[in-house]
Amino acid sequence: MSDCGARDWLASQGGPGLGAFLSGADAVGIGMEFDFENGEGLGFQTDQFFMEQALREARRAYQAGEVPIGAVVVRRGEIIARAWNQVETLKDATAHAEMLALTSAQTAYGDWRLEGSTLYVTKEPCPMCAGAIVHCRPDRVVFGALDPKGGAAGGWINLLQSNPPLNHRCEITMGVMEDECVGILKSFFRDAREKKGPPKPSR
Ligand code: ZN
């Protein structure tokens, strides 16, 4: 279905479905691009809408003094899980946004198989998270900031589309709202450096 067809379809459905989808969301215009019938995104604009939701989670992490990374899991146009990086808060090195979002999504599914879902995350997943993604089997992974040093979805290595393949392969879309996703990370680390101040002279 084309974007135009989706709009026509939406128009014919009236308000309730759209209202339910948009409840609690800010980006109304972008949300209207969604194809409710097939439960699939219609391209980059829809991805932007959900990435903005992941960025909201990243901002929560920032406020909590955590490295600002956020994630949401989407199924049939609905956010079923959201999470932000909580490594410091929980004192748990595995509490990356993706890990927490996947666990929450499995609860929402009532199953560990997340087939039919898409994980949106503001930064490219690390090898731990990519491993968890392969086990949970979402159809797609969409991320903003590429991580050439530690990313495991194509930046450094690619565990989501490995060859020979692991037991699941994901479709990958990278660079969605990249400037915003990189910007919040840069801002966080700049703040952290400024708070730390210049190095004290050693005695
Ligand atoms: Zn990770």
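I take helices (H or I, at least four residues) and strands (E, at least two) as DSSP runs, numbered from the N terminus. With that settled, I note that I am working on a predicted model.

**Entry 1: the cis proline.** I started with the loop between β4 and β5, where I found Pro 164. The peptide bond from Asn 163 to Pro 164 is cis, and its omega is near 5°. I marked this one down because most peptide bonds are trans.

**Entry 2: the sheet.** Next I asked myself in what order the strands of the open sheet come. I read off β2-β1-β3-β4-β5, five strands with mixed pairing. At the edges I have β2 (78–84) and β5 (171–174), each of which pairs on one side only. From one strand to the next, the twist averages 15°. As a reminder to myself, strands of a sheet pair through backbone hydrogen bonds, either parallel or antiparallel.

Entry 3: I then zoomed in on β3 (residues 117–123) and β4 (residues 140–145), which run parallel and are joined by five bridges. Which residue of β4 is the bridge partner of Val 121? I found Phe 143 there.

**Entry 4: helix α6 over the sheet.** I looked up where helix α6 (residues 97–109) sits, and it lies across β1 (70–75), β2 and β3. Relative to β2, α6 runs at about 145°.

**Entry 5: the buried side of α7.** Which residues of helix α7 (residues 127–136) are buried? My list has Cys 129, Ala 130, Ile 133 and Cys 136. They sit on the same side of α7, because they cover an arc of only 125° around the axis. I also checked what they face: the buried residues of α7 pack against α6, β3 and β4.

**Entry 6: α6 against α7.** I compared the two helix axes and got a packing angle of about 20°, with the axes 9 Å apart. Angles under 35 degrees count as roughly parallel, so I log α6 and α7 as roughly parallel to each other. Their crossing is left-handed. For the contacts, I wrote down Glu 98, Met 99, Leu 102 and Gln 106 on the α6 side, meeting Cys 129, Ala 132, Ile 133 and Cys 136 on the α7 side. Cys 129, Ile 133 and Cys 136 are names I already had among the buried residues of α7.

**Entry 7: positive phi.** Most residues other than glycine have a negative phi, so I went looking for exceptions. Lys 91 has a positive phi of about 50° and is not a glycine. I located Lys 91 in the loop between α5 (87–90) and α6. Is Lys 91 buried or exposed? I counted 8 other C-beta atoms within 10 Å, and 12 or fewer makes a residue exposed, so Lys 91 is exposed.

My second case is Arg 137, also not a glycine, with phi near 65°. With 16 C-beta neighbours inside 10 Å, Arg 137 counts as partly exposed.

Entry 8: How many residues apart in sequence are Gly 65 and Phe 188? I get 123, yet their C-alpha atoms are 8.6 Å apart in space.

Notes. Residues numbered from 1 in each chain as written. Predicted model: local features only at pLDDT ≥ 70, side-chain atom pairs only at ≥ 80, totals over all residues. Pairing = 2+ DSSP bridges. Axes fitted to C-alpha atoms, helices over the stretch in contact; angles between N-to-C directions. Contact = placed C-beta atoms within 7 Å. Buried ≥ 20, exposed ≤ 12 C-beta atoms within 10 Å, placed from the backbone. Arc of directions from axis to C-beta. Parallel < 35°, antiparallel > 145°, perpendicular 65-115°, else oblique. Left-handed = near helix turned anticlockwise from the far one by under 90°.
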